[in-house]
Amino acid sequence: MSSNKIVLSTGLTGKGELTTISTTVFPQITDNQILLRGVAYAANPTDWKHTVLQWGYSGSIVGSDASGIVTQIGKNVKGFEIGDYVSTTLRGNYSIDKGGFAEYVIADPPTTIKYDKSTFSSEPLPVGSFPASIINTFEGAAAITLSLSTVGLSLSHSLKIKPTKESNSSKYILIWGGATSAGIVAIQIAKSVYGLKVITTASKKHHEFLKSLGADATFDYRDSNVIDQIKVFAQGKIYYALDTVSTIETYQQTYDATAGSPTESYDNLLFLPREAIKTDPENKARFSGTIVYLANGEPQELGTVVYPTQELLDDYNQFWYELLPPFLKDLKTPNLRVLKPGFESANEALELLREDKVSAEKVVFRYQS
Ligand SMILES: NC(=O)c1ccc[n+]([C@@H]2O[C@H](COP(=O)([O-])OP(=O)(O)OC[C@H]3O[C@@H](n4cnc5c(N)ncnc54)[C@H](OP(=O)(O)O)[C@@H]3O)[C@@H](O)[C@H]2O)c1
């Protein structure tokens, strides 16, 4: 094998022009990485934003979520074997040799999950829509990893939630945007790993689904009095708040809905600083913005170079290696929308996200040689 088929960022922003298919040299892993042969891929909002908002580089490999089969293992890596079924998340649209939408994908162990083959089917899902299920296909595995890594970093480090279920059992977390991919995972992790009660917001049509994942109360974010509804329900018991939508409006709503609660920490996923919203200057809570790319331990260029702290890595690694594994087998993916196999589907997947046509689901597609 001497080459690698990839989806390349074109640097163009017109409809259907974000990506093109190309080939590049076969990737070389370091002693700390593994290589997988890609089987399925999932699209994330960051994939189109990296191009359109110029967070990434044209000529780099697109894609942040992939699943596949391990083909090479760096000599320092423990816990993986050739032939393992895995999924991984990484920063796409940023590098010419490392990206998700590739025939061969370089993976970092701290953002890679290994699956139990006895409960996993390697058969492809046909084109179409599928309800949320446990992670038992390559499509489902691709669909969950970036969200899981993000939520793990947010809850363990940004929000600083202690994994003490007994003392959390009467506390609420507010998850704004329960139907986002991040929200769907956050509801389950907040409940199962941390033992919190969950309040979330989403369109009414998703309320039953989110309750089935563990949400205790669901509110329609389109209701004009949604903030008052949440405050009345919560009765001053919201200790943590995560805004997975992360506009200035939703971050403000998230903050406002916690009025009267002893909220210890607020987090968002789009780098919004506290100053972006109106807050009580006396409020001593922690305000943060989670950056999932830091989870693999590497510094990231985000306008300025951001370095992961040791505390961030300790919190995240405790989540990833100790807290998460017992719950992985019960975790549900978002609903899946499976597109035609082949890298040609990357453009369609990214456009669906850019046009806001993705609702409580993940858009996925398979490799086709
Ligand atoms: N910083 C990081 O490390 C990081 C990591 C992951 C994601 N992100 C960012 O986080 C955001 C979410 O990503 P994602 O992939 O999880 O999203 P997604 O699945 O694409 O989100 C789609 C969902 O957003 C919900 N939504 C839209 N507006 C809403 C509002 N005002 N209130 C509540 N829900 C609303 C919709 O819910 P309904 O269907 O109910 O209308 C829809 O189902 C994106 O901006 C992404 O770029 C950042």
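Pro45, Asp47, Trp48 and Val52 of helix α1 touch Leu350, Leu353 and Arg354 of helix α10, with contact taken as heavy atoms within 4.5 Å. The model is predicted, so to speak of local features takes a pLDDT of at least 70 and side-chain atom pairs need 80 or more, while totals for chains, interfaces and linings use all residues. Residue numbers start from 1 along each chain as its sequence is written, and side-chain values rest on heavy atoms, leaving out hydrogens and water.

The axes of α1 (residues 45-52) and α10 (residues 345-354) come within 8 Å and cross at roughly 90 degrees. That makes the two helices roughly perpendicular, a label covering 65 to 115 degrees.

As for the ligand, 28 residues surround it, the closest being Lys49, Ser203, Tyr221, Leu269 and Ser359; the cut-off is a heavy atom within 4 Å. Polar side-chain atoms of Lys49 and Ser203 each sit 2.7 Å from a ligand oxygen atom. At Val292, a polar backbone atom lies 2.8 Å from an oxygen atom of the ligand. Taken alone the ligand exposes 940 Å², of which the protein buries 86% (Shrake-Rupley method, 1.4 Å probe).

Note on methods. Axes fitted to C-alpha atoms, helices over the stretch in contact; angles between N-to-C directions. Helix = DSSP H or I, 4+ residues; strand = E, 2+ residues; numbered from the N terminus. Parallel < 35°, antiparallel > 145°, perpendicular 65-115°, else oblique. Polar contact = N/O pair within 3.5 Å; in protein donor to acceptor, adjacent residues only side chain to side chain.
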